[in-house]
Amino acid sequence: MTSGRQVLIAQAAVVGGLALALFLKELPGVVRELRIYRMTGGLRANRRYP
């Protein structure tokens with residue numbers, strides 16, 4: 001019989017795996033957004049684009 005601690009560890013592993021899969025799936029879009037953000041000037045672009 002599994003102890004409560006083992007169940008918690010298994011749940012943490014499942015949740016961690018799902019979070020990692022979601023992160024890896026979204027990563028290319030995030031990188032593209034960051035590249036566009038840097039090309040438009042980032043935080044300093046407020047003066048250029050009102």
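## The bend in the helix

The bend at a residue is the angle between two axes, one fitted to the seven residues ending there and the other to the seven starting there. In this predicted model, helix 1 bends by about 45° at Leu-27. A proline, Pro-28, follows within four residues of that position.

## Overall fold

The chain contains 1 helix and 0 strands. Helix 1 covers residues 4-39. Its 36 residues should span 52 Å at 1.5 Å a residue, and the end C-alpha atoms of helix 1 lie 51 Å apart, which agrees. Just after helix 1, Gly-41 adopts a positive phi of about 110°.

## Surface and burial

Of the 50 residues of the chain, 6% count as buried. The chain exposes about 4,900 Å², and carbon and sulfur atoms supply 67% of this area.

A nonpolar patch on the surface is formed by Leu-20, Phe-23, Leu-24, Leu-27, Val-30, Val-31, Leu-34 and Tyr-37. Together these residues have about 730 Å² of accessible area. Leu-27, a member of the patch, is also the residue at which helix 1 bends. Another member, Leu-34, lies in helix 1.

## The salt bridge

Side chains of opposite charge can pair when their charged atoms come close. The structure holds 1 salt bridge. It joins the side chains of Glu-26 and Lys-25, with a distance of 3.6 Å from N to O.

The two partners can also be described by their accessibility. Lys-25 counts as exposed because its relative accessibility is 58%, and exposed means over 50%. Glu-26, at 42% relative accessibility, counts as partly exposed.

How values were computed: Residues are numbered from 1 along each chain as its sequence is written. This is a predicted model: local features need pLDDT of at least 70, side-chain atom pairs count only at pLDDT 80 or more; totals for chains, interfaces and linings use all residues. Side-chain values use heavy atoms; hydrogens and water are left out. Helices (H or I, at least four residues) and strands (E, at least two) are DSSP runs, numbered from the N terminus. Buried means under 20% relative accessible area, exposed over 50%, partly exposed in between (1.4 Å probe, protein chains only). Accessible areas come from the Shrake-Rupley method with a 1.4 Å probe; for residues, only the protein chains shown count as cover. Patches are made of residues with over 30% relative accessible area and no salt bridge: like charges are joined within 9 Å, nonpolar side chains (Val, Leu, Ile, Met, Phe, Trp, Tyr) within 5 Å. A salt bridge is a side-chain nitrogen of Lys or Arg within 4 Å of a carboxyl oxygen of Asp or Glu. The expected span of a helix is 1.5 Å times one less than its number of residues.
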